[in-house]
Amino acid sequence: MKRQKLILIGIGFLTGMLGACSSEEDAPASGMGTLALEVQAETGFQTKALNEADYKDRNNYTVTIYDEQGLYREYGDNNYPPTTLEVPAGTYYFTAHCGEKVAASTETMYVEGRSNTVTVTAGGEIQTMTAVCKPTCAKVIVKFGEDMDNYFRDYSVVFRTKALEAESGTYTWVKDATDPVYLLVDENEAITATIMLTNAANGASSEVVKKYKLSPNTGLTINIAPVLEDTDGSVGISIEIDTSTNDHEIDIEVPDDWV
């Protein structure tokens, strides 16, 4: 599966930083060292359904730095870390996140990540921390066969996940839907997909319950098509699964004014 990777340079984070400063004015104060931060956004699937600007826009990212005592400093809401940070000598890491963390959405997804831990020494070299932010959701698509309307008056798929159940809700993929849905899931979570069918000939309702395992940053496509039974002429459905869900690959470019 191809990956798309967005290096968010514009938040003021750089990996290769200024060389050692020679002037006394730039030298770190006694007991102080220097940190540099890098954030990367990485998904295991490509998507053209979401607004890319949400994940390129530094206004949407929150960065929280921690030291040995806990929370050291937080940046967000148009308040961002400078190119480098002068901090007391010690051990640090940071977290970063972007997006809205919801159980199901066709418009947003939540990405988060945690950096490596570094030890800053007084007057020592710049220590760089890197966080790779990945989706906490799985990308799900349902594709109905073109001739479904010939046999079914109505049809849909109802999804149930832990996150949806916590909100006492479900997500319904209606027959005319086209945009992927991003479902918040745990690692190897068992989700339920209930296929709801209404027969076009007699109005009878039926359902087919399926369970699938999903993890964050993975994709699932469910292909559903009508099948005529040879024995009595009744209509059933065929269900095919594709776990390599990808849209056409797209390039995400960082705006020039981020550099």
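Predicted model: local features only at pLDDT ≥ 70, side-chain atom pairs only at ≥ 80, totals over all residues.
**Group meeting: a first walk through the chain**

Residues are numbered from 1 along each chain as its sequence is written, and side-chain values use heavy atoms, with hydrogens and water left out.

Asn199 belongs to strand β15, which covers residues 189-199; helices (H or I, at least four residues) and strands (E, at least two) are DSSP runs, numbered from the N terminus. A polar atom of the Asn199 side chain lies 2.7 Å from the backbone nitrogen of Ala201.

Stepping back to the whole chain, we find two helices and 18 strands. Of its 259 residues, 41% count as buried, and here buried means under 20% relative accessible area, exposed over 50%, and partly exposed in between, with a 1.4 Å probe and protein chains only. If we take contacts between residues at least 6 apart in sequence, 68% of them join residues at least 24 apart. The chain exposes about 13700 Å², of which carbon and sulfur atoms supply 43%, the areas coming from the Shrake-Rupley method with a 1.4 Å probe, and for residues only the protein chains shown count as cover.

Let me turn to Glu74, which sits in strand β4, residues 70-75. Beyond its neighbours within four places in sequence, Glu74 is in contact with Thr62, Val63, Thr64 and Asn79. Of these, Thr64 is ten residues away along the chain, yet its C-alpha atom is separated from that of Glu74 by 4.2 Å. The side chains of Glu74 and Thr64 also make a polar contact, at 2.8 Å; that term stands for a pair of N or O atoms within 3.5 Å where, within protein, one must be able to donate a hydrogen and the other to accept it, and residues adjacent in sequence count only if both atoms are side-chain atoms.

Asn60 lies between α1 (53-56) and β3 (61-67), and because its relative accessible area is 32%, Asn60 is partly exposed. The C-alpha atoms of Asn60 and Gly99 are 6.7 Å apart, although 39 residues separate the two in sequence.

For the other two, the backbone is what I would point to. Most residues other than glycine have a negative phi.

To finish, which residues line the second largest cavity? They are Glu100, Lys101, Val102, Thr108, Met109, Tyr110, Thr136, Cys137, Tyr182 and Leu184, where a cavity is a set of points, on a 1 Å grid over the protein atoms alone, at which a 1.4 Å probe fits but cannot get out, and lining residues have an atom within 4 Å of a point.

Technical notes: Contact = heavy atoms within 4.5 Å. 1 Å grid on protein atoms, 1.4 Å probe; cavity = no way out; pocket = protein on both sides within 12 Å on 5 of 7 lines; lining within 4 Å.
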